[in-house]
Amino acid sequence: MRVMAQIAMVMNLDKCIGCHTCSVTCKQTWTNRQGMEYVWFNNVETRPGLGYPRRWSDQDRWRGGWELTKRGRLKLRQGGRVRKLAEIFANPVLPEIKDYYEPWTYDYKDLTEAPLGDDYPVAQPRSLISGEPMAIEWSANWDDSLGGGPELLGDDPVVRKLRDEVGARVRLDFEQSFMFYLPRICEHCLNPGCVAACPSGAIYKRVEDGIVLVDQDRCRGWRQCVTGCPYKKVYFNHKTGKAEKCTFCYPRVEVGLPTVCSETCVGRLRYLGVMLYDADKVAEAAAVRDDKALYEAQLGIFLDPADPEVRRAAERDGISHEWLEAARRSPVDALIRTYKVALPLHPEFRTLPMVWYIPPLSPVVEAVSASGHDGEAAGNLFGAIDALRIPLEYLAELFTAGDVLPVRAALDKLAAMRSFMRDVNLGRVPDTSVPAAVGMEPEAVEAMYRLLAIAKYEERYVIPTAAVADARSLEESALAEGCSLDYDGGPGMTGPFGDDSGRASLPLVTIENFHAARRRQTADREEDA
Amino acid sequence: MDTFLWGALPYVVFGVLVTGLAWRYRYDQFGWTTRSSESYESRILNIASPMFHYGILFVLLGHLMGLFVPSSWTDALGLDEHAYNLLSLFAGTAAGALAVVGIGMLIYRRRRYAPVFRATTRNDKLMYAVLVAAIVLGLVAKLTHAGIETGYDYRDTIAPWARSLFTLDPKVGLMADAPVAFQVHAVVGMVLFALLPFTRLVHMFSAPVQYLFRPYIVYRSRDPHDLATRPDRRGWERIGQR
């Protein structure tokens with residue numbers, strides 16, 4: 001057993017209202033630059049829908065992720081090492097910017113400099129890529145909330161697959177349709193396809209927290225990672241010629257702050273926490289024969305942070321006490337491993353993704369309520385989950401490679417929780433047979449309810465800081481260990497003009513000092529400082 | 001003049017190439033990339049780019065063989081001068097033509113598609129001019145001095161000169177007597193070598209052969225010096241780090 005820790009995320013899709021706040025704040029923070037105009041590290045797509053880039057999950061087209069060879073070994077779907085090097089001069093399956101969408105701006109001068117006249121001036125759209133006037137035909141969310149209707153949404157790879165392989169028709173007519181939102185970031189996989197595809201070795205998985213990053217200095221712009229990632233979450237910066245991707249906001253996470261998308265989520269649907277896993281079993285789990293067994297296989301490599309044996313092994317493998325404690329309190333661990341209501345996105349890509357989703361019950365509740373029944377009564381809901389085959393099968397294609405059982409189990413638990421907690425909240429005698437029907441204790445249901453419905457900031461985001469874990473080497477100083485005279489600006493090493501003269505950056509201070517200084521400066525009375 | 005061109009210039013170029021590469025590696029890792037334009041236009045690129053690259057790789061192979069494998073070695077292998085001439089003429093011309101057609105299509109694409117053209121710097125244009133000149137002049141030199149029966153035997157003149165450069169005893173006279181077309185090609189070629197470190201052509205030096213041998217998944221530890229501090233801005237790196 002080799003214990004490794006990973007900062008993981010769970011999103012509760014029932015709560016997502018598709019407001020795109022996460023996308024916008026993420027873009028403002030990370031991709032508000034030239035060369036990244038078309039890039040959304042975080043995007044929210046409507047399901048059913050084409051997604052961003054269009055039809056990204058269709059791996060027959062984009063060749064992302066892994067596949068098994070005849071001998072049962074893992075191989076990148078885009079080809080082996082030799083083939084990839086032979087094809088390095090032009091990546092045959094690289095999405096063009098137009099497959100995402102062509103970014104544009106408006107010629108605002110037309111508005112301000114138009115001569116006085118009868119006609120209202122119009123700002124012409126201009127491509128940010130070519131600079132030419134362009135017709136806007138697609139954007140990051142063209143099919144938002146089922147926009148485009150049946151003609152467009154029939155192209156959703158999952159809808160097509162259900163039609164061609166399962167023989168189920170997803171009804172896309174307005175009255176019969178269902179929909180939910182799917183916010184997507186980089187999955188920070190345990191077996192990342194992008195890392196494996198990078199010829200330069202510039203993309204790496206961080207040992208400490210499992211965040212997958214691109215070393216901008218080592219990237220040589222071969223673009224293989226864009227193809228290697230089945231989620232199409234590595235992007236090519238066309239200005240710098242380097243690959244860029246979601247960083248899981250590592251500068252924030254390192255100091256214990258949640259990612260920008262989590263912090264700003266209006267629905268508070270994101271959970272952050274530590275997962276412990278056995279690194280020795282990763283390759284084995286990713287190479288399970290049956291696609292449908294991949295979800296269970298990935299569950300199997302997660303370790304119980306409360307297990308004394310795991311804790312001993314974790315300590316041996318250099319995981320600090322703070323991280324172990326965080327893992328024990330991890331909301332993500334509870335949702336994935338304990339309650340088993342969170343599921344991975346497209347496990348059949350075999351990358352072992354680490355951003356998991358609680359499937360939405362809302363389309364089901366909605367359908368039951370619309371038919372004039374009580375949408376929150378346990379009996380109605382349990383029946384409806386089964387009867388409304390289409391959402392169930394659609395969800396299964398997304399989250400469990402088509403196996404409806406885990407999705408049904410998760411939805412049943414959510415339905416049981418709704419029904420049980422309604423009785424509790426209305427002061428009725430709660431029906432204990434409802435939790436029992438889904439194999440849960442009433443206490444567990446209440447705990448899950450607390451986590452899903454009212455968990456506060458500190459409960460939703462349990463992030464051990466890198467700084468605290470490395471406290472000994474950082475004690476009382478933001479400088480690294482060693483003699484302070486080893487570095488520029490040590491005591492007595494200032495020039496004739498004083499400490500900060502001629503420096504562009506702020507002097508380094510410890511966080512405690514920073515807060516103490518701010519308290520002192522802003523306190524009204526001396527004793528408050 | 002001959003001494004300068006064939007005795008001094010090669011060493012100047014070599015110096016510029018090595019120091020240029022070292023400088024770029026030290027100070028401009030971030031700019032060291034292919035600067036691919038594939039995300040703007042991929043249809044033509046998918047045909048033209050492999051065409052050009054494979055063409056130029058075979059051209060390189062041909063040059064290495066012609067310049068650095070003495071004719072006595074190929075004779076020993078049973079490849080006589082006539083056979084070598086045919087090989088050099090047909091294989092060399094084929095590779096050269098492949099490269100020329102490829103780069104022709106690439107330049108057409110670069111001019112034709114607005115996004116690609118907008119992403120073309122002056123540096124790129126200079127590079128393209130010298131690169132095309134070097135390839136075309138090479139083909140011209142070869143084809144104007146070649147015949148099926150017998151061709152200009154550069155392995156008795158240019159090749160010994162090239163090898164003599166490495167023994168630090170340049171045989172200037174050999175090259176001075178070579179046909180003008182070959183001389184021009186050689187000078188333009190040297191200019192191209194001198195330009196390599198300063199253009200996007202540097203990407204040839206990061207050909208990722210190590211990919212064949214490394215494990216698929218790369219793990220790396222956080223750099224303790226970077227912990228929770230802002231990384232230095234480009235050009236403002238602190239002294240004594242890395």
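1. A:Leu335 and the nonpolar cores. Leaving out residues up to four places away in sequence, A:Leu335 touches A:Val10, A:Tyr271, A:Lys340, A:Val341, A:Ala342, A:Ile358, A:Leu451 and A:Leu452, a contact being heavy atoms within 4.5 Å. A:Leu335 and A:Leu276 are the residues with the most contacts inside the largest nonpolar core, which has 153 residues. Helix H20 (residues 404–425) of chain A gives the largest share of this core, nine residues. A second, separate core has 23 residues, including B:Phe52, B:Ile103, B:Tyr128 and B:Leu195. A nonpolar core is here a set of buried Ala, Val, Leu, Ile, Met, Phe, Trp, Tyr and Cys residues joined through side-chain atoms within 4.5 Å. Buried stands for under 20% relative accessible area, exposed for over 50%, and partly exposed for values in between (1.4 Å probe, protein chains only). Helices (H or I, at least four residues) and strands (E, at least two) are DSSP runs, numbered from the N terminus.

2. Basis of the values. This is a predicted model, in which local features need pLDDT of at least 70 and side-chain atom pairs count only at pLDDT 80 or more, while totals for chains, interfaces and linings use all residues. Residues are numbered from 1 along each chain as its sequence is written, chains are lettered from A and ligands numbered from 1 in the order in which they are written, and side-chain values use heavy atoms, with hydrogens and water left out.

3. Helix H1 of chain A. In this helix (residues 21–30), the buried residues are A:Cys22, A:Ser23, A:Thr25, A:Cys26 and A:Lys27. They pack against strand E2 (43–47), helix H11 (260–263) and strand E12 (270–278) of chain A.

4. Which bonds are cis? One runs from A:Arg47 to A:Pro48, with omega near -5°. Another joins A:Tyr52 and A:Pro53, where omega is about -5°. A:Pro48 is found in the loop between E2 and helix H2 (59–62) of chain A, and A:Pro53 also belongs to the loop between E2 and H2.

5. A:Thr227 and A:Lys232. A:Thr227 lies in helix H9 (residues 224–228) of chain A and is buried, with a relative accessible area of 0%. Neighbours within four places in sequence aside, A:Thr227 is in contact with A:Trp62, A:Arg63, A:Gly64, A:Gly65, A:Gln78, A:Asn91, A:Val93, A:Leu94 and A:Lys232. A:Lys232 is placed in the loop between H9 and strand E10 (234–237) of chain A. Its phi is near 55°, a positive value in a residue other than glycine. A:Lys232 counts as buried because its relative accessibility is 0%.

6. A:His346. This residue is not a glycine, yet A:His346 has a positive phi of about 50°. A:His346 lies in the loop between strand E14 (343–344) and strand E15 (355–358) of chain A. Is A:His346 buried or exposed? At 3% relative accessibility, A:His346 counts as buried.

7. The interface. Chain A and chain B bury about 5,000 Å² between them, with 56% of it on carbon and sulfur atoms; buried area is the accessible area (1.4 Å probe) that two parts lose on being put together, summed over both. A:Arg81, A:Phe89 and A:Arg220 supply 17% of the area that chain A buries against chain B, more than any other three residues. The contact takes 64 residues from chain A and 48 residues from chain B. There are two salt bridges between the chains, a salt bridge being a side-chain nitrogen of Lys or Arg within 4 Å of a carboxyl oxygen of Asp or Glu. The side chains of B:Arg220 and A:Asp215 meet in a salt bridge (3.0 Å, N to O).

8. Chain B overall. Chain B has nine helices and one strand, in the sequence pattern α-α-α-α-α-α-α-α-α-β. Its C-alpha atoms fill a box of roughly 70 × 45 × 40 Å, taken along the principal axes. Of the 242 residues in chain B, 42% are buried.

9. B:Gln183. This residue belongs to helix H9 (residues 180–195) of chain B and is buried, with a relative accessible area of 15%. B:Gln183 and B:Leu5 are 178 residues apart in sequence and 9.2 Å apart in space, C-alpha to C-alpha. Residues up to four places away not counted, B:Gln183 touches B:Trp6, B:Met175, B:Ala176, B:Asp177 and B:Ala178.
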